[in-house]
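Subject: Structure handover

Hello,

Here is the structure I promised you. Please open it beside this email and follow along.

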Amino acid sequence: VTKGDVDGNGKVTASDARLALRAASKLDVLEGDLFTAADVDGNGKITAMDARAILRHSAKIELLK
């Protein structure tokens, strides 16, 4: 499982951030590896901060930790 690669296509893109934000907003439910990829800070919850980190990584502003 690659942190931030929520859709599992092998790349971290803005689309992954969108999926994480939808999960944080309770519009979608992510389970298993998808949940693990979206929970980039590892706190057991998908939040807007996870989506922000994924988006910043996809724009090459900062790396995921």
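**Helix by helix**

In α1, the buried residues are D16, A17, A20 and A23. They share one side of α1, because they cover an arc of only 120° around the axis. That arc is taken from the directions that run from the helix axis to the C-beta atoms. Buried means under 20% relative accessible area, exposed means over 50%, and partly exposed is in between (1.4 Å probe, protein chains only). Helices (H or I, at least four residues) and strands (E, at least two) are DSSP runs, numbered from the N terminus.

A word on the source. This is a predicted model, in which local features need pLDDT of at least 70 and side-chain atom pairs count only at pLDDT 80 or more, while totals for chains, interfaces and linings use all residues. Residues are numbered from 1 along each chain as its sequence is written, and side-chain values use heavy atoms, with hydrogens and water left out.

What covers the buried residues of α1? The cover includes α2 and α3.

Now take α3, residues 48-58. Its buried residues are D50, A51, A53 and I54. They cover an arc of only 160° around the axis, so they sit on the same side of α3. Their cover includes α1 (14-24) and α2 (32-38).

**The whole chain**

The chain has 3 helices and 0 strands. From the N terminus on, the order is α-α-α. Of the 65 residues, 29% count as buried. The C-alpha trace spans about 25 × 20 × 20 Å along its principal axes.

How does the radius of gyration of the chain agree with that of a compact globule, and what are the two values? A compact globule of 65 residues would have a value near 11 Å, and the chain has 10 Å, which agrees. The radius is taken over C-alpha atoms, and the globule rule is 2.2 Å times the number of residues to the power 0.38.

Contact means heavy atoms within 4.5 Å. Take the contacts between residues at least 6 apart in sequence: 49% of them join residues at least 24 apart.

**One glycine to look at**

G4 is in the segment before α1. Is G4 buried or exposed? G4 counts as buried, because its relative accessibility is 0%. Leaving aside neighbours within four places in sequence, G4 is in contact with V12, D16, A37, V40, I54 and L64. G4 and D39 are 35 residues apart in sequence, yet 7.8 Å apart in space, C-alpha to C-alpha.

**Two lysines with positive phi**

Most residues other than glycine have a negative phi. K26 is not a glycine, but its phi is positive, about 65°. K26 lies in the loop between α1 and α2. K26 counts as exposed, because its relative accessibility is 69%.

K60 is not a glycine either, and its phi is positive at about 60°. K60 lies in the segment after α3. K60 is exposed, with a relative accessible area of 74%.

**The largest pocket**

The largest pocket holds about 180 Å³ of space. Its lining includes K3, M49, D50, A53 and K65. By class, the lining has 5 nonpolar, no polar and 6 charged residues.

Best wishes

Key
On a 1 Å grid over the protein atoms alone, a cavity is a set of points where a 1.4 Å probe fits but cannot get out, and a pocket is an open set with protein on both sides within 12 Å along at least five of seven lines; lining residues have an atom within 4 Å of a point. Grid points are joined across faces, edges and corners, and a volume is the space filled by probe spheres set on the points. Ala, Val, Leu, Ile, Met, Phe, Trp, Tyr, Cys and Pro count as nonpolar, Asp, Glu, Lys and Arg as charged, and the others, Gly among them, as polar.
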